[in-house]
Amino acid sequence: MTDKNRLYAISELAKDFGITPRTIRFYEDKGLISPRRVGANRVYDYRDRARLSLVLRFKDLGMKLDRTKEFLDLYDVDKTRVVQLKMGFRGICERIEELEQQIAGLQENLDKLYELKDEAVEKLRERGVDPETEL
């Protein structure tokens, strides 16, 4: 049996990806993966595993679930994947912009904190306290 024909139990996927079965069920509820049922058990195929891998990768990068779903759903729409790639590219660019804005905000906060620290050091030294050795 090749990997493309293999079926996975929810516990196997959870263990393989280091997540809980509850997390997998959450992604099912959101329509990101669609397991089959064999009796009362959910079974996942190669496609579900690949989609779950992408969902987790996008999540780690801070992508929104609804955008991830739109991206994954485009897989079957266009066999050339051009539409999917364009959407992915736009999403990546938007996320880069968001992160760059966050970095700028963090740098601004850091600069303000360094100013406050320098002011505190100066005031402590004026009062005879050396913050380098006494704190």
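This is a predicted model: local features need pLDDT of at least 70, side-chain atom pairs count only at pLDDT 80 or more; totals for chains, interfaces and linings use all residues.
Me: Where is R81 placed, and what lies by the polar atoms of its side chain?

Reply: R81 belongs to the loop between helix 4 (65-73) and helix 5 (82-126); helices are DSSP runs of H or I with at least four residues, strands are runs of E with at least two, and both are numbered from the N terminus. The backbone oxygen of Y75 is 2.9 Å from a polar atom of the R81 side chain, and the backbone oxygen of K79 is 3.4 Å from a polar atom of that side chain.

Me: What makes the pair of D76 and R47 a polar contact?

Reply: A polar contact is a pair of N or O atoms within 3.5 Å; within protein, one must be able to donate a hydrogen and the other to accept it, and residues adjacent in sequence count only if both atoms are side-chain atoms. The side chains of D76 and R47 are joined at 2.7 Å, a value that lies within 3.5 Å. D76 is located in the loop between helix 4 and helix 5.

Me: Why is D76 not called buried or exposed?

Reply: Its relative accessibility is 40%, so D76 counts as partly exposed.

Me: How do you know that R6 and E12 form a salt bridge?

Reply: Their closest N and O atoms are 2.5 Å apart, which is within the limit of 4 Å. R6 is partly exposed because its relative accessible area is 30%, and E12 is partly exposed at 28%.

Me: What makes E28 and R42 a salt bridge, and which parts of the chain do they link?

Reply: The N to O distance between the two side chains is 2.8 Å. The pair links distant parts of the chain, with E28 in helix 2 (residues 21-29) and R42 in strand 3 (residues 41-44), 14 residues apart. E28 is buried because its relative accessibility is 15%, whereas R42, at 24%, is partly exposed.

Me: Why is the pair of D73 and R51 said to tie together separate parts of the sequence?

Reply: The side chains of D73 and R51 form a salt bridge (3.3 Å, N to O). D73 is in helix 4 and R51 in helix 3 (residues 46-60), so the parts tied together are 22 residues apart in sequence. R51 is buried, at 10% relative accessible area, while D73 is partly exposed at 35%. R51, K69 and D73 are linked in a network of salt bridges.

Me: How many salt bridges does the structure hold?

Reply: The structure holds 11 salt bridges.

Note on methods
Residues are numbered from 1 along each chain as its sequence is written. Side-chain values use heavy atoms; hydrogens and water are left out. Buried means under 20% relative accessible area, exposed over 50%, partly exposed in between (1.4 Å probe, protein chains only).
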